[in-house]
Amino acid sequence: MASVEIAGLRKLYGDVVALSDINISIPSGSFFTLLGPSGCGKTTLLRTIAGFHNQNAGRISVDGHSIEGLPAHRRDVGMVFQDYAIFPHISVRENVAFGLKQRKISASEITKRVNDVLDVVQLGAFADRMPHELSGGQQQRVGLARAIVIRPKVLLMDEPLSNLDARLRVDLRAELRRIQRDLGITTVYVTHDQEEALAMSDTVCVMYEGVIQQAASPLDIYLRPVNKFVATFVGANNFLAINRSGSQLVLLSGGAKVLGSCVDATDIVCAIRPETILAKPGSVAPVGDEIAIPATLSNVSFVGREMEVIAVTDQGETLKSLARPDPEIIGLSQNSSVTLCVNRSDLAFFEAGDAGGCIG
Ligand SMILES: Nc1ncnc2c1ncn2[C@@H]1O[C@H](COP(=O)(O)OP(=O)(O)O)[C@@H](O)[C@H]1O
Ligand SMILES: [Mg+2]
C-alpha cells in the first residue's frame with residue numbers, strides 16, 4: 001500500500017503535448033480511475049508512472065519518495081494490459097511465477113505465493129493449463145495474478161476489460177474491485193468506459209486533450225461536473241441555448257427565466273440530464289419550482305422498465321427524456337405537442353465550448 005503524488009507532470013511526443021501539467025494525489029489503498037476519450041493521454045500517464053516513458057517535466061512520488069530515474073523494474077508497480085500480455089508457450093503457473101523467479105525468490109516461496117494468488121483470482125484449478133486453453137476472462141485473470149504476485153505497492157491497469165464481451169466485462173469489473181479491496185492495493189485504472197469508471201472507482205479523474213478536467217468521487221463527477229466536457233462525457237446530457245433579457249438569463253425555448261445574470265460569460269448553455277425531464281402530453285403550465293418547455297414529440301421508445309422520449313423545441317433543439325413508462329405518452333402520435341418539465345434545481349449552466357466552466 002502506498003500513496004501516489006504527481007505534480008506538474010508534462011509529457012511531449014515531438015511537439016505533441018500528450019500530458020500538460022498533471023497534478024494528482026492518490027490516497028493509499030484507493031481505486032483511482034483515469035477516464036477520457038481515445039487520445040486524451042491516459043496510457044501515456046500510466047506508462048509514465050510505470051517508468052516506460054520519461055516525463056519532460058514534473059515529479060512522481062510514491063509514499064512521499066520521488067521515483068525519478070528509477071527504471072520500470074525497480075518501481076514496485078504491477079501492470080495489467082488490455083491484451084493480457086501473458087506468455088503463450090508456458091503454463092498459467094509458470095506465467096504467474098515468472099516475475100518471482102526474476103526476483104530470485106526461493107522455489108518453495110514461489111510455489112506458495114503462486115498458489116495463493118491463483119486462489120485469489122479463482123484460477124486454482126487451471127494452474128497447469130496453457131494460455132490457449134483459457135477463455136479471455138481467465139487469461140485476463142492470469143494477467144492480474146502475474147501483476148499482483150510480486151506484491152507491488154501500486155497496481156496499474158490499462159483498459160484490462162476492453163477485449164472482453166459486455167457481460168463478462170460487468171462480471172469481471174466487480175471481481176477486480178473485490179480483489180483490489182481485499183488486497184488494499186493502491187490502483188490506477190484506465191478506461192474510456194464511463195459506466196465502468198463510475199461503478200468501480202473511489203475517484204474518477206476525467207481527462208481531455210492531456211489536461212485533467214475534474215478528479216472527484218463518481219457521484220460528484222456525475223452530479224456536479226465542473227465543465228461542459230465532463231457534463232457531456234459522463235452520462236448523457238441535453239443542452240439548451242440561453243439568452244440575456246434585462247438582468248435575467250432566459251431559456252430561448254419556452255422563455256423561462258432560469259438564472260439571475262450574476263455571470264460575465266456571454267455564451268452560456270443550460271444542461272439538463274435526460275432522467276430529470278418529465279414529458280407531459282399537450283401544453284402544461286409549470287408547477288411549483290418547475291420550468292416547462294414546449295416541444296414537439298419526435299419519437300417514444302418503450303423499452304420495458306423505462307421509456308425514452310425524443311422531442312424537439314421551437315428552437316430546433318432535440319431533447320431526450322428518460323422516465324418511467326407513461327401510457328399517455330406512449331399512446332401519442334408523432335408530432336404531438338408535449339411539455340417537458342424540469343425542476344430548476346436540476347438545471348446546470350456552463351460556458352459554451354468543450355471545456356467551458358460551470359456557472360451555477
Ligand atoms: N509513441 C508515441 N509517439 C507519438 N505520439 C504518441 C505516442 N503515443 C501516444 N501518442 C499521442 O499522444 C496522445 C495521447 O495518447 P495516449 O496516451 O495513447 O492516449 P489514450 O490512452 O488516452 O488513448 C495522442 O495524441 C497520441 O496520438
Ligand atoms: Mg490508451
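I started with one residue pair: L9 stands opposite I22 in strand 2. The model is predicted, so I kept its limits in view: local features need pLDDT of at least 70, side-chain atom pairs count only at pLDDT 80 or more, and totals for chains, interfaces and linings use all residues. Residues are numbered from 1 along each chain as its sequence is written, while chains are lettered from A and ligands numbered from 1 in the order in which they are written.

**Entry 1**

I looked up how strand 1 and strand 2 pair. Strand 1 covers residues 4-13 and pairs with strand 2 in the antiparallel sense, over seven bridges. Strands here are DSSP runs of E with at least two residues; helices are runs of H or I with at least four; both are numbered from the N terminus. Two strands pair if DSSP finds at least two bridges between them.

I then checked what covers it.

**Entry 1: ligand 1**

Which residues are around ligand 1? I listed Y13, V16, A18, G36, S38, G39, C40, G41, K42, T43 and T44. Strand 2 (16-26) and helix 1 (42-50) are the elements that give two or more residues to this shell. A residue counts as near if its C-beta atom, placed from the backbone, lies within 6 Å of the molecule. Helix 1 gives the most, with three residues.

I sorted the shell by class: four nonpolar, six polar and one charged. The classes are Ala, Val, Leu, Ile, Met, Phe, Trp, Tyr, Cys and Pro as nonpolar, Asp, Glu, Lys and Arg as charged, and the others, Gly among them, as polar.

**Entry 2: helix 2 and its partners**

I took helix 4 first. The axes of helix 2 (residues 92-102) and helix 4 (residues 136-148) come within 7 Å and cross at roughly 30 degrees. Axes are lines fitted to C-alpha atoms, for helices over the stretch in contact, and angles run from 0 to 180 degrees between N-to-C directions. Helix 2 and helix 4 are therefore roughly parallel. The cut-offs are under 35 degrees for roughly parallel, over 145 for roughly antiparallel, 65 to 115 for roughly perpendicular, and oblique for the rest.

V92, N95, V96, F98 and G99 in helix 2 meet V142, A145 and R146 in helix 4. Contact means C-beta atoms, placed from the backbone, within 7 Å. By class, this contact has five nonpolar, two polar and one charged residue.

Then I turned to helix 3 (residues 107-120). Helix 2 packs with helix 3 at an angle of about 130 degrees, with their axes 10 Å apart. That makes helix 2 oblique to helix 3. R93, V96, A97, L100 and K101 in helix 2 meet I110, R113, V114, V117 and L118 in helix 3. This contact has seven nonpolar, no polar and three charged residues.

**Entry 3: strand 11**

Last, I followed strand 11 (residues 238-245). Four bridges join strand 11 to strand 14 (residues 268-272), antiparallel. N238 has I272 as its bridge partner in strand 14. Four bridges also join strand 11 to strand 12 (residues 248-251), again antiparallel. There, N243 has V250 as its bridge partner. The hairpin of strand 11 and strand 12 has two residues between the strands, and G246 takes a positive phi near 60 degrees.

Notes:
Contact = placed C-beta atoms within 7 Å.
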